[in-house]
Structure formats: structure tokens, C-alpha cells
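Dear colleague,

Please find the structure for your study below. A short account of the findings follows it.

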Amino acid sequence: MQQHIYYTKYALQFADMQIPELVTVFNAQVGNHGWSCMRAYHDQALIDEFQRRGIDTTAITGGETMSFSHPVRYDLPNNKLVVIN
């Protein structure tokens, strides 16, 4: 039951953020190789919030995986996340 509580905590936090803030949160995770259950809840809630807003996340998600290998920016005209090289 705690897992759901932590996911919900992050989901509510992200729901109150503007898209540039969400991008900043995402980019803060780039290069972080540590992993824990809490980070999994955080990252999943973050990706879910992008998708809830209809933002195309294919640059960072693929099937069952997500990548925090590269920073992203928000492409407003195309409503999608774009990897910054």
C-alpha cells in the first residue's frame, strides 16, 4: 500500500507544476545512476504527468523503459519532449 501512497505524493506535486518546471525536474535526474523504489515512483509519476498532458514522450520512453540519459527541452509547437544533444 505504501508504494501507491508515494506515487500519489509525487503525482500530486507534478500536477501543480508548469511544463518548464517538469522539464527541469526531469533534467535534474539525467546522469543519476542511483536507483531505489522512491526514485521509481518519482520517475514514473513524472513521465505519467507529461503523458497526462498529452505531451509526446517518445524521445525518453520506449515500450516498458524510460531513459534519463540525456537532457530534454519542451517543443511547444509539436507538444513533445526533444533530446538535447
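His-42 lies in helix 3 (residues 37-52); helices here are DSSP runs of H or I with at least four residues, numbered from the N terminus. The model is a predicted one, in which local features need pLDDT of at least 70 and side-chain atom pairs count only at pLDDT 80 or more, while totals for chains, interfaces and linings use all residues. Residues are numbered from 1 along each chain as its sequence is written, and side-chain values use heavy atoms, with hydrogens and water left out.

With a relative accessible area of 12%, His-42 is buried. Buried means under 20% relative accessible area, exposed means over 50%, and partly exposed lies in between (1.4 Å probe, protein chains only). Apart from neighbours within four places in sequence, His-42 is in contact (heavy atoms within 4.5 Å) with Tyr-10, Phe-14, Val-25 and Gln-29.

Val-25 belongs to helix 2 and is also buried, at 18% relative accessibility. Not counting residues up to four places away in sequence, Val-25 touches Phe-14, Met-17, His-42 and Leu-46. Val-25 and Leu-46 are 21 residues apart along the chain, and their C-alpha atoms are separated by 8.3 Å.

Which residues of helix 2 are buried? In this helix (residues 19-29), they are Ile-19, Leu-22, Val-23, Val-25, Phe-26 and Gln-29. Seen down the axis of helix 2, these buried residues fall within an arc of 160 degrees, so they line one face of the helix; the arc is taken from the directions from the helix axis to the C-beta atoms. Pro-20, Thr-24 and Ala-28, on the other side of helix 2, are exposed.

Yours sincerely

Technical notes. Helix = DSSP H or I, 4+ residues; strand = E, 2+ residues; numbered from the N terminus.
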